[in-house]
Amino acid sequence: MRFRLDIDMTDMTEEGQAAREIGRALRYWGGNLHHFALEPGDGSTITDSAHREIGHWRVVD
């Protein structure tokens with residue numbers, strides 16, 4: 001079983017923006033993963049600070 005995190009940094013062109021947005025996503029989801037069983041099929045979209053979808057995480061076999 002694997003935990004997969006995929007974030008598209010293509011539009012994060014401002015200096016330091018990628019680090020800020022990825023750090024924010026990791027803090028948010030790191031604190032909320034206890035709400036999931038973390039079984040294959042679990043997952044969610046990831047949004048940036050402007051609530052635009054930038055990726056997803058998934059638990060896969």
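At 4% relative accessibility, Asp48 counts as buried. This residue belongs to a predicted model, in which a search of the whole structure finds two salt bridges. Asp48 takes part in a salt bridge with Arg52, and both Asp48 and Arg52 are among the residues that line the largest pocket.

**Salt bridge Asp48–Arg52**
- The closest N and O atoms of Asp48 and Arg52 are 2.9 Å apart.
- Asp48 is classed as buried because its relative accessibility of 4% falls under the 20% limit.
- Arg52, by contrast, is partly exposed, with a relative accessible area of 49%.

**Salt bridge Arg20–Glu14**
- Arg20 pairs with Glu14 in a salt bridge whose closest N and O atoms lie 2.7 Å apart.
- Arg20 has a relative accessible area of 44% and is partly exposed.
- Glu14 is likewise partly exposed, at a relative accessible area of 49%.
- In general, side chains of opposite charge can pair when their charged atoms come close.

**Largest pocket**
- The volume of the largest pocket is about 160 Å³.
- Its lining consists of Asp8, Asp11, Met12, Gln17, Asp48, Arg52, Glu53 and Ile54.
- By class, five of these lining residues are charged, two are nonpolar and one is polar.
- The lining includes Asp48 and Arg52, the two partners of the salt bridge with closest N and O atoms 2.9 Å apart.

Note on methods. Residues are numbered from 1 along each chain as its sequence is written. This is a predicted model: local features need pLDDT of at least 70, side-chain atom pairs count only at pLDDT 80 or more; totals for chains, interfaces and linings use all residues. Side-chain values use heavy atoms; hydrogens and water are left out. A salt bridge is a side-chain nitrogen of Lys or Arg within 4 Å of a carboxyl oxygen of Asp or Glu. Buried means under 20% relative accessible area, exposed over 50%, partly exposed in between (1.4 Å probe, protein chains only). On a 1 Å grid over the protein atoms alone, a cavity is a set of points where a 1.4 Å probe fits but cannot get out, and a pocket is an open set with protein on both sides within 12 Å along at least five of seven lines; lining residues have an atom within 4 Å of a point. Grid points are joined across faces, edges and corners, and a volume is the space filled by probe spheres set on the points. Ala, Val, Leu, Ile, Met, Phe, Trp, Tyr, Cys and Pro count as nonpolar, Asp, Glu, Lys and Arg as charged, and the others, Gly among them, as polar.
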